[in-house]
Structures are given as C-alpha cells and as structure tokens.
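Hi,

Here is the structure I promised to pass on.

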Amino acid sequence: MPEIDPTEHEIAELGPQIKDVDDPDEIEAMLELEEAGEDRVPVKTLLEDRLEKLTAEDEETDPSEVDLTELTVADVANLVRQVDDADVLREMLEREQAGQDRKTAKGQIEDRIEAVEGSGDDGEETEVEYVPPEEKHPDLDHPTNDKRWVEGTSGGSYRDMWVYCETQQGELIDVSREMLGKARRMMDEYNGNEATGGTEDEAPTQDYGGDEDGDPEDVVAVLIGDDVADLAEEAIAYGADRVVYTEDDRLERFRHKPYTEIVVDMCRDADYDWIDYHEPRYMLFPATNNGRDLSALVQGELDSGLASDCSGLYIEDAMISNPAKTGTPGDSKEFERILHMKRPDFSGFEYSTILCIDKPHRDFHPQGGSVIPGSFEIPEADPEREGEVVAHEMELDDDWFNVDVTDYDQLDEGVDLTGHDVVVAMGRGIGDSPTEGIELGLDLVDAFDDAAFGLSRGVITSSYSFDGHVEQYVGEDRQIGESGQEVEPDVYIAAGISGAIQHKVGMDESDTIIAINTDPEADIREFSDYFVEGDLFEVLPRLTEALESGELATAMREVSDD
C-alpha cells in the first residue's frame, strides 16, 4: 500500500507530493489505486509521466543499440562524447546515414571517431608535430607574436581560485556572495577539508589535499572600485582567504580597459610574497553585463579559455582521448584538477560541460567561467573568519580613461519576481497578438492573491509591437532564466514557452509547473507537472474565470481532457 492514496486527493494537491516520490514501485501502486477507484484521466497521466521520468533515469542508453531517429542532434552529440570505441561509432554513423541522415549529427559522430583514432592515414600512433604559430602561419600577423609568455606557460605553476566580486552602489551584489560561497565549498573539498557554507548540488569536488606539494590552496577575492576596501572583511566572511583590492576615484563605474589591466596585473604580474605561481589555477566572474565583458577580456589577455553563463561547477579529473590534447592519436590521457563548467549548449535545450584543458606546448590557465546569478545559494556569512587583505598598487594610465560617462539612468528599484506564491510567465506564444497575450497573462495574475508576472527571453528580444498600456510590463527586469531572475514559487504557469534550458534554469525549482503550449512535443513538457496542449488565448481566460469562480481544479481537468 503506497503512502499516498491518490483517490483521497485532488489533482492540484498531487503534483507537489509525487515530485518527492523516487520509487517507481510506489508510483505504480498509486496508479493501480487510481485505476481501481475514480480512474481520473488527468491523475493517471500525472502518475504515468512521473513513472516514465523515474524509469528513464534508471536506464542507460546503449550507443550500440540506440535508435538514433529518436534522438535530437544535441542528444547524439552528448551520447558520442561517452563512446571511446571507434567501431561502435562507425556503426552509429551507418545507422544515421540509413535513417535521418542529418549532416550535423553525422559530423558529431565523425569528429568523435577522429578524436578517438586520430587523423593519421596508417592508423599508427604518431606524436603530433608541434609548429609554433609564427612558423605555421608566417604570412599572418599572429596575435601570439606579441605574447611571448604563451610558450612560457607550458609546465608553469598554478594555484588558488580567484573570484572577481562585482559591486554596485558600494555593496557586493548577490552573485558575488554566491560565487564566494561556491568557491569556498569547492576549495575546502579540493584541500581535503569538510566543505562549509551551504549545500552541494553538483558532482563532488575531488579531494586533492591542496596543490602538488600538499599545501592547501586559497580562495582569492578581487575588488575594484572607488571605495571598496571596506568590503574586504565581508568577502572574507563569505569565504575568501585573501582579498586583493584596488581603489581609485576614476574606478567608480566599470570601465573595460582599466578593470582588465588591473585584474591581469593582480593575478600574473604582482610581486607579492604569497604569489609563488605563474597564474591562478581557476578564475570565476559573475555573468552580469559587466562580468561577461570583463571575463572575456581578462581570459583573453591571459591566453586562456572561458565558459560563459555557467550554472554548475565542480573539480574532477578527466580522461581525454583527443590527440590535440594528448599529443598522440589513439592515446587517452588523464588530466587532473579540471574545473568542470556546466552551461546550456547552443541548441538551448541541453546542457554541456565545458573543460578548459591544457594541450602540448601550451597551458590554458586560469581555467575560467562566468556564473549565472542565482545558480548557487548565498552562504551564511561568518564574521569570525580570518583572512588577509592586500592593497594592490599600480599606476593607472591616463589613456585608459579617455572615455567619460557623463550621464546615466539608474532604476530606483527593479521588479522582484521572487517570494510570490504564483508566477505567470509568457513566451513567444503571444506572437499572434502580443498585446492581447500580455493582457491575458496580467488578468490571470490579478486572479491570484499573491502572483507576479514574468517573461521569457524570447519576448524581451523580439520585435513585437505592444500597445502603450502594456509596454510597462515588457522589460528585462521581468525576464526569467539564465540571464534574468530565478524563481521558486508554489505554482509556475508557463504560457507559450518552449522550455529552452536558458529558461528552465530560472524556474525548474518551482513546486508545481503548469505549461500551456500548442506543441505537444515542446521541451517544457518534460519537466512540467501539468501540460495543457492548447492555445494560450483560449486556455488562459478559462483558467482566470475558474479562479475567480473558485473552480480551478475542475477547469484544470477540463482543459487537460480537451
């Protein structure tokens, strides 16, 4: 007998409860009770969807047998990354050619075959010949000609995780606190200490016991501005071991050139006793407008890679067979202390894990990424934590300040979509009549006691024309997703939203997700508790009317049956 008897509950009550049930047998028992009792179609659909999700998680896809016609190109790309057998890959290629014959899918498989076998014609393992860029492309003004240190980094020494902490109006912004807490947890586990400061929601960070000599590695916070020294103790309280800061009146607002020069000078050229390494091992930035700008510029100057807009981070060894990384086709090599950076891929519907890995004759350090605000918990500050505060002194070139900000607008306050019982979000499904779509969403918001109105990025970036009375509700401050706000309401209603990963990361912690979409194959269906296949212009008015009349559960059953 299952703990939850579905016949004793309305469907609106069941959704949040079964999300915590992870035993397929328990769900099957609930399904049998419902079939023997009221036998409600929406309830059975809800239980069957949960059962399908649980059983799918238990099944591992066999690359040698999987039906590629049932996979998207993104699915194929993710699957082949796990295959190291060239014969299995060639069989997959043949099945793809005999099936949908998608050019992009075939390219993913062929690239993986080349990575596993190498590109040599004779199949023999031969070391990849290294040719310096200025010799390989003598006719080009190669950028590395002015960066002789690139070659010097091969075999260099690296330590610590650096975190650029953005400030606004003299305070640390929340994502800076999030990154410090996440960095603290990762480096505690990296050093072999018990992690502190919040819960861990990613793959476990590997215990390395510190650097190669066993010395613990630190979290180093970076502060830049006109009056930031007072924030150093707060950064330490949130997890930093050391804070390096630069103050100057001209740094009141973010500027590309001076901020980049300062960060690079801090982490590579500064002459401090505690910096006994060539560059930091890892570096984190916030994925804000300024943080994205700075992260690209700094990592470019440091001749390293960057994973932008990350929502997951962990440190782990990685086994790689790509000959561009190993130096020899056919060989696999284990790379240690790799920062795994999880972010949505370019399809928008899958996650990719980015690795910034060294290659022969060149080391890519610091391994760096920018973090989507709201991806991690803000830890509880520890005012008793102790750390070192370092004032970074350097001459700031006047030429870096040739552009002045003479005027700017600043919102007194934005729209906070968090903390509400219900969030109603609209997507591109409003395209047939944008103004009417917004009006219907606002009507539904008004029908709840405590609800907020949000938008997907697709609406924000569209060229829709809105009438004046709804324009005030269409702005970036209402965007939900990786570059907007993250919400966790009791009920999230997504109308006309496809369910791209960029949006999912902003709302998938909601207790109950109700999706309305005309496309029965929309990705949002996979992570919704209720999916209504229908036109939002027809469904939303019915939901609003049902709320106002107190018959929401009945209306939900009706629209689900329709």
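Pro-24, Ile-27, Met-30, Leu-31 and Glu-34 are the buried residues of α2, where buried means under 20% relative accessible area, exposed means over 50%, and partly exposed is in between (1.4 Å probe, protein chains only). They sit on the same side of α2 because they cover an arc of only 120 degrees around the axis, the arc being that of the directions from the helix axis to the C-beta atoms. The general rule behind this is that an α-helix has 3.6 residues a turn, so residues three or four places apart point the same way. The face of α2 turned away from the buried side carries the exposed residues Asp-25, Glu-32 and Ala-36.

Before you go further, a word on the model: it is predicted, so local features need pLDDT of at least 70 and side-chain atom pairs count only at pLDDT 80 or more, while totals for chains, interfaces and linings use all residues. Residues are numbered from 1 along each chain as its sequence is written, and side-chain values use heavy atoms, with hydrogens and water left out.

Back to α2, which covers residues 24–36. Helices (H or I, at least four residues) and strands (E, at least two) are DSSP runs, numbered from the N terminus. With 13 residues, α2 reaches 18 Å from its first C-alpha to its last, close to the 18 Å expected at 1.5 Å a residue (that is, 1.5 Å times one less than its number of residues).

**The cores**

Ile-27 turns up again in the largest nonpolar core, which has 40 residues. A nonpolar core is a set of buried Ala, Val, Leu, Ile, Met, Phe, Trp, Tyr and Cys residues joined through side-chain atoms within 4.5 Å. Among the residues with the most contacts inside this core are Ile-27, Met-426, Leu-536 and Leu-540. A second, separate core of 37 residues includes Tyr-190, Ala-221, Cys-356 and Val-371.

**Strand β11**

How many of the five residues of strand β11 are buried? Five of the five are, so β11 (residues 367–371) is largely enclosed by the rest of the structure. Gln-367, Gly-369 and Val-371 are buried on one side, and Gly-368 and Ser-370 on the other. Two strands pair if DSSP finds at least two bridges between them. Strand β6 (residues 279–286) runs parallel to β11 and is joined to it by five bridges, with Met-283 partnered by Gly-368. Strand β7 (residues 306–310) also pairs with β11 in the parallel sense, over three bridges, and there Cys-310 stands opposite Val-371.

**Two arginines**

Arg-385 lies in the loop between β11 and β12 (388–391) and is partly exposed, at a relative accessible area of 22%. The side chain of Arg-385 reaches the backbone oxygen of Ile-236 at 2.6 Å. Tyr-238 is 147 residues from Arg-385 along the chain, yet their C-alpha atoms are separated by 8.5 Å.

Is Arg-102 buried or exposed? At 15% relative accessibility, Arg-102 counts as buried. You'll find Arg-102 in the loop between α5 (86–98) and α6 (103–117). Leaving aside neighbours within four places in sequence, Arg-102 is in contact (heavy atoms within 4.5 Å) with residues including Leu-68, Val-73 and Glu-96. Val-73 itself is found in helix α4 (residues 73–80) and is partly exposed, at 26%.

Happy browsing!

Note on methods: A polar contact is a pair of N or O atoms within 3.5 Å; within protein, one must be able to donate a hydrogen and the other to accept it, and residues adjacent in sequence count only if both atoms are side-chain atoms.
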